[in-house]
Amino acid sequence: MYGHGMNDVEGMPEQPRLRDYVAWHRAYDDPASSLSARLRQVQGHIADWLDRTPGAVRVLSACAGQGHDILGVLEERPSDRARVSGALVELDPTNAAIARARTARLGLDISVLERDAGTTDSYIGLVPADLVLLSGIMGNITAEDIERLVHVSRQLCAPGATVIWTRGAQEPDLGPDIRCWFAETGFGEVSCDEWIEGTGMRVGVERLDADPEPLVPGHRIFTFTR
Ligand SMILES: C[S@@+](CC[C@H](N)C(=O)[O-])C[C@H]1O[C@@H](n2cnc3c(N)ncnc32)[C@H](O)[C@@H]1O
């Protein structure tokens with residue numbers, strides 16, 4: 001039931017029915033799950049980024065869910081908490097509330113905003129960021145939307161920013177295309193890990209070599225299809 005047509009309300013685009021993204025997070029309770037393997041990899045890359053990026057830094061996570069990646073890393077690294085600020089953008093109120101409670105408990109200067117991460121308007125006031133997390137998005141949107149997201153990510157970045165992205169090995173395997181889209185957008189690949197811990201998970205790390213672009217409000221970037 002993933003329609004993209006028009007619904008009965010005149011002029012209103014039909015919204016696809018999304019998965020239960022609160023329940024989706026339960027896979028993280030099982031350390032043997034493929035999502036836990038992916039999370040460990042993303043967290044490792046965030047820790048590496050913190051190690052090579054001194055001083056005050058800003059983080060932006062799109063479709064942040066419960067924020068396990070960045071918040072999990074900062075939970076383990078108390079000495080970095082004061083120098084990291086930023087925002088998590090998440091549509092689901094329950095996931096946002098869980099993330100918000102954790103940022104409060106850790107005393108972080110990270111806002112959790114209940115917004116549609118698929119429109120450039122949602123990033124007004126939140127960019128530029130030194131680390132942009134695009135985890136758990138590219139498997140749930142069309143190839144055309146992924147390409148647009150990669151191009152727009154340059155508008156979210158501070159000079160030299162790092163972007164961490166994920167996309168599993170499901171068909172069609174868009175990994176090679178995604179890497180090309182980052183290259184043509186002015187990013188240099190830091191790493192691309194595939195078949196993480198024997199799972200079909202893939203995590204890419206890119207660094208912006210080109211100059212950032214200013215945020216252009218009023219544009220739709222992507223829509224989740226499931
Ligand atoms: C696959 S989960 C990934 C969560 C997190 N980034 C992670 O890797 O653990 C996708 C998340 O995106 C959220 N989401 C879906 N569409 C969204 C949108 N348009 N704007 C913001 N969040 C959205 C869902 O509620 C869900 O929490």
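The legends below describe close-up views of a predicted model.

**Figure 1**
The order of elements along the sequence is α-β-α-β-α-β-β-α-β-α-β-β. For the 226 residues of the chain, the radius of gyration is 17 Å, close to the 17 Å given by the globule rule, so the chain is as compact as a globular protein of that length. The C-alpha trace spans about 55 × 40 × 40 Å along its principal axes. Of the 226 residues, 51% are buried. Among contacts with a separation of 6 or more, 76% are between residues 24 or more positions apart.

**Figure 2. Helix α3, residues 93–106.**
The 14 residues of α3 should span 20 Å at 1.5 Å a residue, and the C-alpha atoms at its ends are 20 Å apart, which agrees. Buried positions in α3 are Asn-95, Ala-96, Ala-99, Arg-102, Thr-103 and Leu-106. Because these buried residues fall within an arc of 130 degrees when seen down the axis of α3, they line one face of the helix. Ala-104 and Arg-105 are exposed, on the face of α3 turned away from the buried side.

**Figure 3. Surroundings and ends of α3.**
The partners against which the buried residues of α3 pack are α2 (68–76), β2 (84–89) and β3 (109–113). At the start of the helix, a side-chain oxygen of Asp-92 comes to within 2.9 Å of the backbone nitrogen of Thr-94. Gly-107 follows α3 and has a positive phi, near 70 degrees.

**Figure 4. The largest nonpolar core, with 35 residues.**
In soluble globular proteins, nonpolar side chains tend to be buried together. Within this core, the residues that touch the most other members are Leu-134, Ile-137, Met-138, Ile-178 and Phe-222. Two or more core residues come from each of β1 (57–62), β2, β4 (129–134), α4 (143–156), β5 (157–166), α5 (175–185) and β6 (187–193). The largest contribution is that of α4, which gives five residues.

**Figure 5. Contacts of Met-138.**
Leaving aside residues up to four places away in sequence, Met-138 touches Ile-146, Leu-149, Val-150, Trp-165, Thr-166, Arg-167, Ile-178 and Phe-182. Ile-178 is, like Met-138, one of the core residues that touch the most other members.

**Figure 6. A second, separate core of 30 residues.**
Members of this second core include Leu-35, Val-59, Ala-96 and Val-205. Ala-96 is also one of the buried residues of α3.

Definitions and conventions
Residues numbered from 1 in each chain as written. Predicted model: local features only at pLDDT ≥ 70, side-chain atom pairs only at ≥ 80, totals over all residues. Heavy atoms only, no water. Helix = DSSP H or I, 4+ residues; strand = E, 2+ residues; numbered from the N terminus. Expected span 1.5 Å × (residues − 1). Buried < 20%, exposed > 50% of the residue type's maximum accessible area, 1.4 Å probe, protein only. Arc of directions from axis to C-beta. Contact = heavy atoms within 4.5 Å. Polar contact = N/O pair within 3.5 Å; in protein donor to acceptor, adjacent residues only side chain to side chain. Core = buried A, V, L, I, M, F, W, Y, C linked by side-chain atoms within 4.5 Å. Rg over C-alpha atoms; globule rule 2.2 N^0.38 Å.
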